[in-house]
Amino acid sequence: MLTGTADAVGADDLELVRVPERTLAEQDVAFGAGPRSLPLWLPESLWGMVDRDVTTTSAAGPAARPLADTARAALAWERGLGAGRGRRAGLTDAEEQAVLRALG
């Protein structure tokens, strides 16, 4: 999933690093949104939140689009707003580097 998304947005030099949930917790990384967060991470204890049957919703009309399309649209939106602007959610580059250093 992540490699396909990276390919879709042209992140050719991307290195995906698996970070254990324990390390994220030790580094005070939050899930979802807000300061020091990872929007695509959900702790294992909450995986049931996304385990839902969407048959009824899909039958009513809304269609899911491929994740790659969503990633491209989100990147275009971010670039339109200005990629270097301050954020209220996510990790800063320095915070991300601290998490990676914690891996040893």
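The largest pocket of this predicted model is lined by 48 residues, among which Leu2, Leu38, Pro39, Leu40 and Glu96 lie nearest its centre. Helix 4 contributes the most, with 7 residues. By residue class, the lining divides into 28 nonpolar, 7 polar and 13 charged residues, where Ala, Val, Leu, Ile, Met, Phe, Trp, Tyr, Cys and Pro count as nonpolar, Asp, Glu, Lys and Arg as charged, and the others, Gly among them, as polar. The volume of the largest pocket is about 2,600 Å³, a volume being the space filled by probe spheres set on the points, with grid points joined across faces, edges and corners.

Residues are numbered from 1 along each chain as its sequence is written, and side-chain values use heavy atoms, with hydrogens and water left out. Because the model is predicted, local features need pLDDT of at least 70 and side-chain atom pairs count only at pLDDT 80 or more, whereas totals for chains, interfaces and linings use all residues.

The chain contains 5 helices and 2 strands, arranged along the sequence in the pattern α-α-β-β-α-α-α. These elements are DSSP runs numbered from the N terminus, with helices (H or I) of at least four residues and strands (E) of at least two. The C-alpha atoms fill a box of roughly 45 × 35 × 25 Å along the principal axes. Of the 104 residues, 13% count as buried (under 20% relative accessible area, with exposed over 50% and partly exposed in between, for a 1.4 Å probe and protein chains only). Among contacts (heavy atoms within 4.5 Å) between residues at least 6 apart in sequence, 54% join residues at least 24 apart.

Leu2, one of the residues nearest the pocket centre, lies in helix 1 (residues 2-8). Its relative accessible area of 43% makes Leu2 partly exposed. Not counting residues up to four places away in sequence, Leu2 touches Leu16 and Leu40.

Ser37 belongs to strand 2 (residues 37-38) and is buried, with a relative accessible area of 1%. Two polar contacts (N or O atoms within 3.5 Å, one able to donate a hydrogen and the other to accept it, residues adjacent in sequence counting only if both atoms are side-chain atoms) involve its side chain. The side chain of Ser37 reaches the backbone oxygen of Gly34 at 2.6 Å, and a polar atom of that side chain lies 3.0 Å from the backbone nitrogen of Gly90. Beyond four places in sequence, Ser37 touches Val29, Ala30, Phe31, Gly32, Ala89, Gly90 and Leu91.

A search of the whole structure finds 1 aromatic pair. Phe31 and Trp41 form this pair, which is edge-to-face, with 6.3 Å from centre to centre and 85 degrees between the planes. Phe31 lies in strand 1 (residues 30-31) and Trp41 in the loop between strand 2 and helix 3 (55-59), so the pair ties together parts that are 10 residues apart in sequence. Rings of Phe, Tyr and Trp (its six-membered ring) pair if their centres lie within 6.5 Å, planes under 30 degrees apart counting as stacked, over 60 as edge-to-face and the rest as tilted. Phe31 is partly exposed, at 36% relative accessible area, whereas Trp41 is buried, at 18%.

Definitions and conventions:
On a 1 Å grid over the protein atoms alone, a cavity is a set of points where a 1.4 Å probe fits but cannot get out, and a pocket is an open set with protein on both sides within 12 Å along at least five of seven lines; lining residues have an atom within 4 Å of a point.
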